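Please look over the sequence and the model before reading on. The paragraphs below go through a few of its elements in turn.

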Amino acid sequence: MAEQNQKQNELRQLVEQAVAQAFQLQIPQLQSQIVQIVLKALPAGASAASAPHGEDASSLVHAVSNIHAGSTQKEILRALLDSGGGYCSRIALFVVKAGAASGWQARGFGDEEAVKDFSLDLNAGPVAHSYQNRVATPGNIAEMGRRFVEQFDRPANEQVLVLPLTLKEKVAALVYADGGDTGKLDSSSLELLVIATSAWLEVVSLRKQAAAKEDSTMVSRVEAPPPPPVQTVSSFSDPFAAHTPKHVPVSPEPAAAEVVEVASARASAAAAPATAADPWAGMSPEDADVHRKAQRFARLLVDEIKLYNQAKVAEGRRHKDLYDRLKEDIDKSRGTFQKRYGNTAAASGDYFHNELLRSLAEDDISIMGANFRR
């Protein structure tokens, strides 16, 4: 029986490690799939002419890319508010926890923390309908309640929108938006941004859980601890809470001293090439984090170019004049990248240029053509 349990534990560790590696490999594909799902959800006939203030589908994809550039829950939710501010005059996020919706941050109210600790009534008006049915709900400012109106005043046209941010089939937050003094309120675009945010928060959570499991498995192999109790952790009950991985019981193997010695040797051997392969190993944690985000953002921008210009990419590769065919898109995305990371520690990495060569030109600079900046 003991030998059978040992084999089961070894098999479980191998499966966990394989699943963690699979999640890491699938993250880029998940990003691309989320962008495509959002694009398919665009209303039929959506165009620059129908979008407010000249915003078009391309700017919406840039907004989604900004959200996907976040690697923590707070960064993602701040990006949602920043991006959402382009499609309405005032926007705020209220975290739902323990049956209450408390204000977190806002944009357009004159103070980003104007709504902090303000509680919404979950039992009345568009807030109740959005929370209970998990759908975007328009309404009139009067339906938000007298206390809300007195605190934040009325938008000019009195129209409001409440959107649910759902995670793991639960409403984790409510997003409030209105037209303020300008009347700008693009309900469809805001709904798409909230959907994209929910999906990306799910992806980030899966990635962190997979990485934590992989780390936990490595530690258990080296230290050979006694079996801990199994703990079940619910995800996204609070969008700002740190996610703790599930702890899997591991039985100590016979001849523990020999196992530890072998495992330690393997871990040391594996650590050396991993460190050498990390281009940011010698940097401070803050600078390394900026470099990682810059590289990820560059990949999102280039993925967007490929998504919108598949025919041009194929022709450009064939005739080796890819830059000439995509000059406007490439220069625009390069400007976006420089604006965000040109004055940061990541500027020296030249990530956008490198990603163009890797992803668009397939590591062959001649494919970009003679006019491409070296």
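This is a predicted model: local features need pLDDT of at least 70, side-chain atom pairs count only at pLDDT 80 or more; totals for chains, interfaces and linings use all residues.

Residues are numbered from 1 along each chain as its sequence is written, and side-chain values use heavy atoms, with hydrogens and water left out.

Helices (H or I, at least four residues) and strands (E, at least two) are DSSP runs, numbered from the N terminus. Helix 3 spans residues 73–84; its 12 residues reach 16 Å from the first C-alpha to the last, close to the 16 Å expected at 1.5 Å a residue. That expected span is 1.5 Å times one less than the number of residues in the helix. Its buried residues are Gln73, Ile76, Leu77, Ala79, Leu80, Leu81, Ser83 and Gly84. Buried here means under 20% relative accessible area, exposed means over 50%, and partly exposed lies in between (1.4 Å probe, protein chains only).

Strand 5 (residues 159–167) is mostly covered, with seven of its nine residues buried. Two strands are said to pair if DSSP finds at least two bridges between them. Strand 4 (residues 137–140) pairs with strand 5 in the antiparallel sense over four bridges, and Pro138 stands opposite Leu161 of strand 5. Strand 5 also runs antiparallel to strand 6 (residues 170–178), joined to it by eight bridges. Within strand 6, Tyr176 is the bridge partner of Val162. The hairpin of strand 5 and strand 6 has two residues between the strands, and Lys168 takes a positive phi near 55 degrees there.

Two other residues deserve a look for their backbone angles. Glu158, in the loop between helix 5 (146–152) and strand 5, has a phi near 65 degrees, a positive value in a residue other than glycine. Glu158 counts as partly exposed because its relative accessibility is 28%. Glu362, in the segment after helix 11 (351–360), has a positive phi near 55 degrees and is likewise not a glycine. With a relative accessible area of 49%, Glu362 is partly exposed.

Is Leu301 buried or exposed? Leu301, in helix 8 (residues 285–308), is buried because its relative accessible area is 0%. Leaving aside neighbours within four places in sequence, Leu301 is in contact (heavy atoms within 4.5 Å) with His62, Ser333, Thr336, Phe337 and Phe352. Leu301 and Thr336 are 35 residues apart along the chain, and their C-alpha atoms are separated by 8.7 Å.
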